[in-house]
Amino acid sequence: MKPQRSRRPRGRGLAMLALGFLGGRLLGGANGNGAADAPAHHSRRIVHTAGEAIIAADEGSRIVLANPAAARMFGVTAQEMEGSPLSRFIQAPHGADAGPLDYFQADGRAGRRGTDYAGTGLRAGGERFAIEGSIVDTAQDGRTVYTIILRDVSERQRVQSKLARSHDQLRQLSSALQTIREEERTHIARELHDDLGQLLASLRMDLSLLTEACGNTPEAMRLIDGMDGNLLTAINSLRRIATNLRPRALDEGGLYFALRGLRDDFVERHGIACVLLADEAELRLDDQASTAIFRIVQEALTNIARHAHASQVTMNLYRLNGELLITIRDDGRGIREEDLEKAESLGLVGMRERVWALQGEITIGTDDTPGTRIDIVLPVREHTV
């Protein structure tokens, strides 16, 4: 026999300890001289009418007591259960000498309570179903009695599985929408740059020719200079809008140069010092990963500019063992726990969705020093070019 592991309940387990004691009392009363005292009779009635399935087993994993709720769970009678091996109703662990505690392994912890352990039940017809069990052991007349409280959680698991599938479908939908959105951004940016941008540039060239032909008077020169200034403003605005939609550097130079342009624009527009620590060779990734990382960093910088009141930002990107590690830190006011859970924090939600779409992990919180720190780990081995 391998040594038994003693597992004592905590917290609400005191109630289970009492039931284990009652089970032991019942076992002692049933196997003694046949005389049941009033407390034992009361205990038997409590166990008999309990809504949860209760089983008592001896050290040899043989059932010595089962209440009607347990019998209904497994589709038999309580009399059929008593005297049967525990393995007839609960899937036994590996090893023929398994004791009752071995049926609920420590690595199978489940449920909301620290004393809940997962298992597999076996109905009379052979159907397997998910159960949770809480087990306590008590000494009675030199023997150890194990009282097991069982719960059928198969329906709960089906609901959880359905919710998990729905969650996965929502994630896939979110990823598809992000892809469609990025494709539309790319298309609009190219249209703006190639069509409208060239048209504005052509108008400016025509205006230069008009200046040579008609700019003989101060009034004409004033009008032409004003038109030229407006055209130049329109061209710069168009470039900014197109870059925000889809930076050309992302397609022409790669992620590293796109991040440099994003950093420079952030510093120019917001006056916040920003340091980019990265190696171009480590950021040669395919379009999917490059776009996702660029948008993640872009959203992080947008949040910093809007909410952080920071004066310094550091972005560190480096590869390690097939993973890209991204750290973005600022010295601002820091992010609060409640800010992370706000329904309107769509920027943070978008960052998480992009990270999860790449099977990565993201952690957002306050650093040891004032400010916020974002740590992201992305597996990029399959996205390297």
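In which crossing, left-handed or right-handed, does helix 5 pass helix 6? In this predicted model, helix 5 passes helix 6 in a left-handed crossing.

**Packing of helices 5 and 6**

Two packed helices are described by the angle between their axes and the distance between the axes. For helix 5, spanning residues 154-214, and helix 6, spanning residues 218-245, the packing angle is about 165° and the axes lie 9 Å apart. Helix 5 is therefore roughly antiparallel to helix 6, because angles over 145 degrees fall in that class.

The contact of helix 5 with helix 6 comprises 22 nonpolar residues, together with two polar and four charged ones.

**Positive phi at S61**

Most residues other than glycine have a negative phi. S61 is not a glycine, yet its phi is positive, at about 60°. This residue is placed in the loop between strand 1 (53-57) and strand 2 (63-66).

Is S61 buried or exposed? The relative accessibility of S61 is 4%, so S61 counts as buried, the cut-off for that class being under 20%.

**Positive phi at Q359**

Q359, likewise a residue other than glycine, has a positive phi near 60°. The loop that holds Q359 runs between helix 11 (346-357) and strand 9 (361-366).

With a relative accessibility of 64%, Q359 counts as exposed, since that class begins over 50%.

Technical notes: Residues numbered from 1 in each chain as written. Predicted model: local features only at pLDDT ≥ 70, side-chain atom pairs only at ≥ 80, totals over all residues. Heavy atoms only, no water. Axes fitted to C-alpha atoms, helices over the stretch in contact; angles between N-to-C directions. Helix = DSSP H or I, 4+ residues; strand = E, 2+ residues; numbered from the N terminus. Parallel < 35°, antiparallel > 145°, perpendicular 65-115°, else oblique. Left-handed = near helix turned anticlockwise from the far one by under 90°. Nonpolar A, V, L, I, M, F, W, Y, C, P; charged D, E, K, R; others polar. Buried < 20%, exposed > 50% of the residue type's maximum accessible area, 1.4 Å probe, protein only.
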